[in-house]
Amino acid sequence: MDAIGVLMTCPMFAYLEQELEKRFKLYRFWDFPSQRQFFKSHSGSIRAVVGNTKLGADSALIDALPRLEIVASYSVGLDKIDLGKYEEKGIRVTNTPEVLTDDVADIAIALMLGVLRKFCGCDAFVRGGKWKGGDFGFTTKFSGKSIGIVGLGRIGSAIAKRAEAFNCPISYYSRSEKPHVHYKYYPNPVALARHCRILVVACALTEETRHIIGREVMDALGPEGVLINVGRGAHVDEPALISALLEGRLGGAGLDVFENEPEVAEELLRMDNVVLLPHVGSDTVETCEAMADLVVANLEAHFTGKPLLTPVV
Amino acid sequence: MSSQPEPGTEPGSGRPDVLVHRFRSFDFPFQASFRDHFTILDPWTDSPDEPADAFLARRAGGARALVCVGPTPLPADTLRLLPSLQVVIGTSAGVDHIDLRECRRRGIAVTNAGAAFAEDAADYAVALLLDVLRRMSAADRYLREGLWLKNGNYPLGFKLGGKRVGIVGLGNIGSHVAKRLQPFGCDIAYNSRSKKPSCPFPYYASIHDLASNSDVLILCCALTEETHHVINREVMTVLGDRGVIINVGRGSLIDEKELVQSLLQGELGGAGLDVFEDEPNMPKELFGLDNVVLSPHRAVITPESFEAMRELTISNLKAFFSNEPLSCLVQHK
């Protein structure tokens, strides 16, 4: 199998590169100064692409690789992948669902605790030598606060399960009401926001969910309300968020994702009622290794004629 | 029915004397609501120019109840000025600032406010653990300093699921911590003064054994003579270089000098500390470490906990004066 050409679109994880190199001929896209030259010399050798949400396999790439059979995404999100085109061309696509559900759900709860209990601010307070000068002040209890979940898929359900152990009442909005679920359903995000203290975005990014959290939702959430985003930056109208926070129409926010990563608005950097994380939702050693193992296993399955483990197309 | 006023009550008022014992600088903002039911004696407000001891000797001789605003020390010397005292209502979860031995000798009941604070304390312990493992404070700092733009992604943290969590002290707080960590996929075990028969988690009779079977230790126990420096170098060594310690108990549960050394030398994986041996002084050597989260004793400082504490304090005072059972009695061994 080591003659099979696999193209990796950008640096993702050293362990993944090592594991791919053991089994395939790995081409690192970023090592080639000229993309055109690369395609001229090697396009005929590439039978698989490993991409992620930073740099997926778009139409142009598909067109440039005539022998492409499979794209294995090192991610669960597929927003950078042109699914329709793959199906059309008979190219297989896999992602890494499930393995990162726990980590992302953990970060969602951690962000909720972070905004309410302000432990990041406390840590900065102590490191800044301010404790001797006076007390940090009060923070807000987390247990028992009502939580609204936008998107009750794998990650949304995992968030709900954790929050229940803190006695938080759970409600949700989803494209359709889920049978056999004992949480209260609201038919739209504004209604959900009106009835919860903490709103968390945990749905996939699609045409419909772009800017699903806009001014109206934030106003409904209110001056004591908290917005948590572990989905995609594009789920939230970021300028509207900044005004809502600056004007006190929204109480606080915990954000792991932003509209234009790694850029984060200056105004957010100065706020003490927000927690800001550099897209670390699934960034643990354990999960990254599991994701890498899944990418490799999917490629191995494909090239040995076995069923794919986590196919999307 | 006696026509004589009860000893310790203002004649004619029917409101028994309750002494509020606090540092001058400590606020006790609930006095207003207490005055509906009790006669509040407070040296700092009633007689600010008089030495507190003189006030107590002069005025508090009949007081049967005392509210000790934690952590104002309540030593034997002060207790000796209060011959009628029968109950001490502590307003904090810890009671290590109260001379329990003297109270036991005098038959004075002591209650704490553990139940009022337990959820907030447990939430905070879980928060510190998530912060340490997922490097949240460090990553938030990194982002705010512009390093995400400049240097790329923040290094990987560690997953909470699958970690073996050893809870030291399975009281109010410890039980709440266990309940919260289960859906995260943690394996819970504990050490306590005695095994809890109805508890489903594995019990270890020694902290050493608990530590050798854990990835994380969460300290939720009271500070007593027995638990002073219970987390020593030996325990830290056995916990290992991926091991994490979370402390929402008291600073002196841990040998702080050894902790700092272990962390600096990479012999311990990380720590989340809300309490220190000599607050507000704390070891500055820790400031350079991303695997350490520091907090200025904030675990239970929420309006919700304070309200619950106020209710518990009033409820215990009412129960005491009506001869009804008290809640949150501190059990003497």
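1. In this predicted model, domain 1 of chain B and domain 2 of chain B bury about 800 Å² between them, with 46% of that area on carbon and sulfur atoms. On the side of domain 1 of chain B, the residues that lose the most area to domain 2 of chain B are B:D96, B:A115 and B:S305, which together account for 49% of what that side buries.

2. The division behind this comparison assigns residues 17-115 + 303-321 of chain B to domain 1 and residues 117-294 to domain 2, and the contact takes 11 residues from domain 1 of chain B and 7 residues from domain 2 of chain B. The C-alpha centres of these two domains of chain B lie 33 Å apart.

3. Polar interactions between the two domains of chain B comprise 2 salt bridges by the count, and 6 residue pairs are found in polar contact across this interface, both residues of each pair being at pLDDT 80 or more. B:R101 forms a salt bridge with B:E225, for which the closest N and O atoms are 3.5 Å apart. The side of domain 1 of chain B that touches domain 2 of chain B draws two or more residues from each of α6 (114-134) and α13 (303-321) of chain B, and by class this side has 4 nonpolar, 5 polar and 2 charged residues.

4. In chain A, 7 strands form an open sheet with parallel pairing, in the order β8-β7-β6-β9-β10-β11-β12. Because β8 (184-185) and β12 (274-276) of chain A stand at the edges with a single partner strand each, one side of each is left without a neighbour in the sheet. Within the sheet, β10 (residues 226-229) and β11 (residues 252-255) of chain A pair in the parallel sense over 4 bridges, and A:L227 has A:A253 in β11(A) as its bridge partner.

5. Between the chains, the contact takes 55 residues from chain B and 59 residues from chain A, and the two chains bury about 5,100 Å² between them, 62% of it on carbon and sulfur atoms. B:R134, B:R144 and B:W148 supply 15% of the area that chain B buries against chain A, more than any other three residues.

6. Across the interface of chain B and chain A there are 8 salt bridges and 30 residue pairs in polar contact, both residues at pLDDT 80 or more. The largest share of the side of chain B that touches chain A, 9 residues, comes from α6(B), and by class that side has 31 nonpolar, 8 polar and 16 charged residues. B:R134 forms a salt bridge with A:D103, the closest N and O atoms being 3.6 Å apart.

Notes. Residues are numbered from 1 along each chain as its sequence is written. Chains are lettered from A and ligands numbered from 1 in the order in which they are written. This is a predicted model: local features need pLDDT of at least 70, side-chain atom pairs count only at pLDDT 80 or more; totals for chains, interfaces and linings use all residues. Side-chain values use heavy atoms; hydrogens and water are left out. Domain bounds come from an automatic or database domain assignment. Contact means heavy atoms within 4.5 Å. Buried area is the accessible area (1.4 Å probe) that two parts lose on being put together, summed over both. A salt bridge is a side-chain nitrogen of Lys or Arg within 4 Å of a carboxyl oxygen of Asp or Glu. A polar contact is a pair of N or O atoms within 3.5 Å; within protein, one must be able to donate a hydrogen and the other to accept it, and residues adjacent in sequence count only if both atoms are side-chain atoms. Ala, Val, Leu, Ile, Met, Phe, Trp, Tyr, Cys and Pro count as nonpolar, Asp, Glu, Lys and Arg as charged, and the others, Gly among them, as polar. Two strands pair if DSSP finds at least two bridges between them.
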